[in-house]
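This briefing goes through the cross-links, sheets and chain contacts of one structure. Please keep the sequence and the model open while reading.

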Amino acid sequence: LQAIWRVLLLGLITGSLYAPVSSGLVILYRSSGVLNFAQGAFAFMGAYLFYLAASTLGLPFIAAGIFALIASAACGVALHWLLVRPIIGQRPVVVVMVTIALGSVIEAVVFLIWGTNQRFLHAPFGSSSVHVPGNVTLSELDIAIFLTVTVILTALVLVLKYTRIGMSIRAVSDSPLLAGYYGRNSGRVIGLTWGLSFALSSIAGVAYAVRSVLDSGVLDLGTLVFPAVIIGGMDSLAGAAIGSVVLGVGTSAATIYLGGQWSDFVVYVGLLVVLAVRPYGIFGTRELARL
Amino acid sequence: MGKRIRWQLFVAGAAVMTIASACSSSSSQTSSSSSSTSSGGSGSSSSSTSNSDPYVVGAVTSLSGSLAFIGNALKSGSAAYYNYVNSQGGVNGHPIKFIAEDDASGDVNTALTATHQLVQQDGALVLSGWVLTNIESAVEPYAARQNVSMVVQGCDPTIADAASKVVFCASLPENLEDQAEVQFASTKVSSGPVKVAILSMDSVAQAQLEKRIAADAKAKGWQVVLQQLVPLTASDMSAQASAVQSSGATIFIGSLDSQREQLFDKSLRSLGSKIPIVNYDGGAALGTLDALKDPDLYVYSGDGFPTDSGSAIALYDKLMKAAKADPAAGFAINGYLEAMVTVAGLKACGWPCSPSQLVTAMTGLGTVNTGGISVSPVKYSSSYYLGLTGGKFYAYNTQQSKPLVVSGFYPVASP
C-alpha cells in the first residue's frame, strides 16, 4: 500500500509539470479549434522570459514569475493577432502547419537572443526534503510546484465558470457564431485564450527549468503532454489535468516497477486502450455527425 | 477586413524575414568564423600554392535543435583554437579555414548533405564536431571512401579502429568507462555489503556501459540492487530517484547526461539520500557541477576543467572569453581539443597535404601532449584510434566553491 501511495504522490508531482501545458493545449483547441504543435515552444519562451527577469533584470523569484506570466500572455495575444487570426477558416492542415512553423520560429528567436548555452535557474525553496504521511519524502521544490499549479488551475476553472470573461470564453468555445450574435467579440476572446495558453505553458517551462536546467529540453514538454490530453479528452480542461496526473502516475509506476525504458510503452498502451474504449477521451465530448 | 488581414500578414512576414535574415547572417558568420583568406579549396587540390592558401577544416555539428547547446559549444571551442593558431601564423605557414555546418540535432540526411558539401565543394581535409555517434557512424563510410579524417568527441570504439582508419577519437570512449567508474566507486564505499544502483541513458553505447558496470560490480562481489535505462527524453527523474532510494543502494554508478544528472541528483538528495553518485564523462560540465554544488557527486572526465591549473587551461579560458564564449559551457573544451588534435595532424602532414596524407599523418602522430586540455596525452597509432587513455574524477569542493579534481588517473578499459 505504501508503494502505491508513493507512486501516486510521484505521479501527482510529475502530472503537475504536465498539467499547465496540457490545459493550455485544451484551451486553444476549445476556443479556436487549433491543435497547437507550438505548445512546447510556448513553455520554452516563457522559461526564457523568466530567466530574463530573474537573471538579467535581477527581479526576485516571485516578481520574475509574474513578469514571465504577463510577458507570455502578451506574446500569446500578439501571436494570435499576427499569425493565427489571418488564417482562421483555413483548412485544419494549414493551421497545424502554421503552429509547427511557429514552434520553430520561437525556438530560433530564443536561440538568437539568448544563445544555446544551458542556463541555471535557482528557486528560493531549498532542496531539503519534506516527510509526508505514509513514510514518503518529497522535495520542498516539488511541493511548491504542485501547490502553485493546483492554485493556478483552480483559479482558472473558477474564472472560466463564474466571471463575465470566463463566460465569454465558454460561449465562444461552444459557438463563435452564436457568441458573436449575442455581442461577444469572438476575435478578442480567442486572442485572450492564446495569451492564457501561452502563460499557462510558461508556468510549466519555468518549473521544468528550475527542477533541471534551462535548455531546449523544455521544448519536449509540448509533445510529452499529447497522451495526457488524448486520454483526458481534447476539449476538457478537467480531462487535461486528470490526464496529466494519469500520465505522471503511469510513467512513475512503469519506472519504479518495470524500469524507465518501459515508461513510454506503458503510456502508449494505455492511450490505445482509452482510444479503443472512448475515442474522444475519458472526459471528452462525443461528437455526433448526421449524414 | 481584407486590408487588415493583408497588413497583419505583412507584419508577420516582415518579422519572419527579419528572423530568417538574422539566422542567415549567423550562419554565414559560422562559415567564416576562422577564415582569413581563402579561395575555398584545400591545400592538396591546388598545384600552385601560396602562403595565403588555407587548410580547410570542416565541422558537422548540431547548431540548431535540441542539441544546439552542445554543438554550439563544440564550435566555439574549436573556433577559439583555430583563431588562435591563425593569429600565431597558421600551420606550416598556412591559415586554417574553419567551416561549421548544421546537422539539425541528429538529422542523418542533413548531416550527410553537409558532409558532402564540406568535402566536395569546400575541399575539407578533415571533419569534426559531431554530437551523436549515430551520425558519425552514418558519415564514416563516405569519409572512409574519400579518405577524409574524422576527429570525433563522441567516441565509439566500433568505428574508431584499424578497420575504418579514418576515425580518431578526441574524448573518452564512453562504453569503456566502466572499470574507471567501478574502481573509483570502491574508494567511496565503506566496509560492509556494497549495494549498487545503476542508471544509464537509453543509447547503444550507454546500454553497453551499463552492462559492463554491472558485470564489474558483480565481479567485485557487490550486489546490483537496481539496473535501469533512462529514456533520452525523460523530463523527470523523481521516480528513478525514489526507486534508487528504496532499493537500499549504498552507491550509485551510472551514465546520465547533464540534464538527467541534474534532475536525478536534485531528486535523490531531496529524498534525504547522501550516497555517493559516480557518473560518466557525459555529465562532466563545469556549469552542471557548479549548479548542483553536491560534494558527493563525482564525474569522470577525460578533458581538463576550466578550474584546473596550468598554462594551457589559462590560455583556453582567455581565448574563449576573448571570443565572448563561455569557457564553462559543457563540450566547449571538447571542441577545443578536437581542434588541437586536428592542428597536430596538419602540422605533421605538412604542405601541401592531401586527405589521404593527413590520414597517414594522424595515424602516425604517436603521443600528443595537450598541456592539460585533456587529462591524458592524446595517442594515435595504427592500432590505437581512441586518443585518450583515461581521465580523472571531479567533484564540487564546498570550501573553495568550485569543482576540483578529486582523484588520480583512472585508465579506460581496453577495447
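The points below are grouped by topic, from the overall make-up to single contacts.

The model is predicted. Chain B has 12 helices and 16 strands, and buried residues make up 59% of its 415 residues. Of the contacts in chain B between residues at least 6 apart in sequence, 67% join residues at least 24 apart. Over all chains there are 2 disulfides and 6 salt bridges.

**Disulfides and cysteines**

- Cys155(B) and Cys169(B) form a disulfide, with 2.0 Å between the sulfur atoms. The torsion about their S-S bond is about 85°, so this disulfide is right-handed.
- This pair links distant parts of the chain, 14 residues apart: Cys155(B) sits in the loop between strand E4 (149–152) and strand E5 (167–169) of chain B, and Cys169(B) sits in strand E5 itself.
- Are these two cysteines buried or exposed? Cys155(B) has a relative accessible area of 3% and is buried; Cys169(B), at 0%, is buried as well.
- Cys349(B) and Cys353(B) form a disulfide with their sulfur atoms 2.0 Å apart. The torsion about the S-S bond is 95°, and the link is right-handed. Both Cys349(B) and Cys353(B) are buried.
- Counting bonded cysteines along chain B, the disulfides follow the pattern 1-2, 3-4.

**Strands and sheets**

- Strands of a sheet pair through backbone hydrogen bonds, in either the parallel or the antiparallel sense.
- Leu127(B) has Met150(B) in E4(B) as its bridge partner.
- In a regular strand the side chains alternate between the two faces of the sheet. E4(B) is covered on both faces: Ser149(B) and Val151(B) on one side are buried, and so are Met150(B) and Val152(B) on the other.
- Strand E12 (residues 378–381) of chain B is joined to E13(B) by 2 bridges, and the two run antiparallel. Lys379(B) stands opposite Gly387(B) in E13(B).

**Salt bridges within chain B**

- Asp178(B) and Arg212(B) meet through their side chains in a salt bridge (3.1 Å, N to O). Asp178(B) lies in helix H5 (residues 178–186) and Arg212(B) in helix H6 (residues 204–219) of chain B, so the pair ties together parts that are 34 residues apart in sequence. Asp178(B) is buried at 1% relative accessibility, whereas Arg212(B) is partly exposed at 29%.
- Asp294(B) and Arg269(B) form a salt bridge (2.7 Å, N to O). Asp294(B) lies in the loop between helix H9 (286–292) and strand E10 (297–301) of chain B, and Arg269(B) lies in helix H8 (residues 258–270), so parts 25 residues apart in sequence are tied together. Both partners are buried: Asp294(B) has a relative accessibility of 7% and Arg269(B) has 16%.
- Lys321(B) forms a salt bridge with Asp317(B), with 2.9 Å between the closest N and O atoms. The two residues are 4 apart in helix H10 (residues 311–322) of chain B, and therefore separated by about one helical turn. Lys321(B) is exposed, at 52% relative accessibility.

**Contact between chain A and chain B**

- How many residues does each chain bring to the contact? Chain B gives 43 residues and chain A gives 44 residues.
- The size of an interface is often given as the accessible area lost when the parts come together. Between chain B and chain A the buried area is about 3600 Å², and carbon and sulfur atoms give 57% of it.
- The interface of the two chains holds 1 salt bridge. Arg211(A) and Asp236(B) meet there through their side chains (2.5 Å, N to O).

Technical notes
Residues are numbered from 1 along each chain as its sequence is written. Chains are lettered from A and ligands numbered from 1 in the order in which they are written. This is a predicted model: local features need pLDDT of at least 70, side-chain atom pairs count only at pLDDT 80 or more; totals for chains, interfaces and linings use all residues. Side-chain values use heavy atoms; hydrogens and water are left out. A disulfide is a pair of cysteine sulfur atoms within 2.5 Å. Buried means under 20% relative accessible area, exposed over 50%, partly exposed in between (1.4 Å probe, protein chains only). Two strands pair if DSSP finds at least two bridges between them. Contact means heavy atoms within 4.5 Å. Buried area is the accessible area (1.4 Å probe) that two parts lose on being put together, summed over both. A salt bridge is a side-chain nitrogen of Lys or Arg within 4 Å of a carboxyl oxygen of Asp or Glu.
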